[in-house]
Amino acid sequence: MIESSLDTIRTAYDDVAVLYAEMFRNAHDEAPLDRAMIGAFAEFVRAGGGPVADIGCGPGQVTAHLRSLGVPAFGIDLSPTMIELARQEYPDLRFEQGSMTALDLADGSVDGVLAWYSFIHLPPAELPTVFAELGRVLAPGGHLLLGFFTTDDDSPNPAEPFDHKVTTAYKLSIDHLANLAREAGLVELARMRREPGETERFLHGRLLVRRPAE
């Protein structure tokens with residue numbers, strides 16, 4: 001099931017890659033709370049000094065933003081077209097094609113992982129596998145920051161599907177993701193829920209977790 005889902009996601013983003021890159025080129029300019037959360041993440045991972053993986057990097061704009069914050073970031077994305085665009089736009093940064101369900105990274109090899117809206121299309125049943133994989137590549141003391149669409153506080157469901165413009169996506173409960181992180185051996189440091197902006201439809205969630213130091 002997961003391979004079929006990944007194929008659907010890969011094809012969908014290949015088809016819209018050029019338009020997507022243009023639409024979200026300056027997305028953080030109008031999202032100060034998002035910049036603040038990413039900035040806090042950057043401050044934590046700079047202390048480790050090691051590489052940081054932007055998983056689901058798309059056309060690379062957030063990877064480049066991390067670099068501007070002094071973070072030695074590189075990007076990984078499922079879509080080969082996205083990776084091609086990222087390499088063209090940021091030739092001095094490293095970008096590789098890959099899947100967050102099976103990363104070509106050694107255990108404990110990165111001090112940070114950013115997963116910014118990069119798992120919202122995966123079937124919710126696959127999320128424990130994703131958390132285990134992201135936790136695997138984190139070095140002891142490393143940090144993981146998640147960005148996603150989130151549910152209302154009173155929602156009875158940990159995941160709610162919706163009609164995303166690219167392919168089916170899910171709004172995800174912050175509590176549910178925090179529980180999955182904990183089951184993967186990660187410790188919650190902070191969370192944030194922000195209201196949708198003028199051109200946005202849904203609430204946004206952010207979750208910052210850490211792999212305990214050994």
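Biologist: Why is His 164 called buried?

Modeller: Buried means under 20% relative accessible area, exposed over 50% and partly exposed in between, with a 1.4 Å probe and protein chains only. His 164 has a relative accessible area of 16%, so it is buried. This is a predicted model, in which local features need pLDDT of at least 70, side-chain atom pairs count only at pLDDT 80 or more, and totals for chains, interfaces and linings use all residues. Residues are numbered from 1 along each chain as its sequence is written, and side-chain values use heavy atoms, with hydrogens and water left out.

Biologist: Which residues does His 164 touch, not counting those up to four places away in sequence?

Modeller: Contact means heavy atoms within 4.5 Å. By that criterion His 164 touches Tyr 13, Ile 120, His 121, Phe 149, Ala 169 and Arg 201. His 121 is 43 residues away from His 164 along the chain, and their C-alpha atoms are separated by 8.8 Å. His 164 sits in the loop between strand S6 (159-162) and S7; strands (E, at least two residues) and helices (H or I, at least four) are DSSP runs, numbered from the N terminus.

Biologist: What makes the protein as compact as a globular protein of its length?

Modeller: The secondary structure comes to six helices and nine strands. The radius of gyration is 16 Å, close to the 17 Å that the globule rule gives for 214 residues, so the protein is as compact as a globular protein of that length. The radius is taken over C-alpha atoms, and the rule is 2.2 Å times the number of residues to the power 0.38.

Biologist: Which residues have the most contacts inside the largest nonpolar core?

Modeller: They are Phe 119, Leu 144, Phe 148 and Leu 177, in a core of 62 residues. A nonpolar core is a set of buried Ala, Val, Leu, Ile, Met, Phe, Trp, Tyr and Cys residues joined through side-chain atoms within 4.5 Å. Apart from that core lies another of seven residues, among them Ala 64 and Tyr 90. Beyond its neighbours within four places in sequence, Phe 148 is in contact with residues including Tyr 117, Phe 119 and Leu 177.
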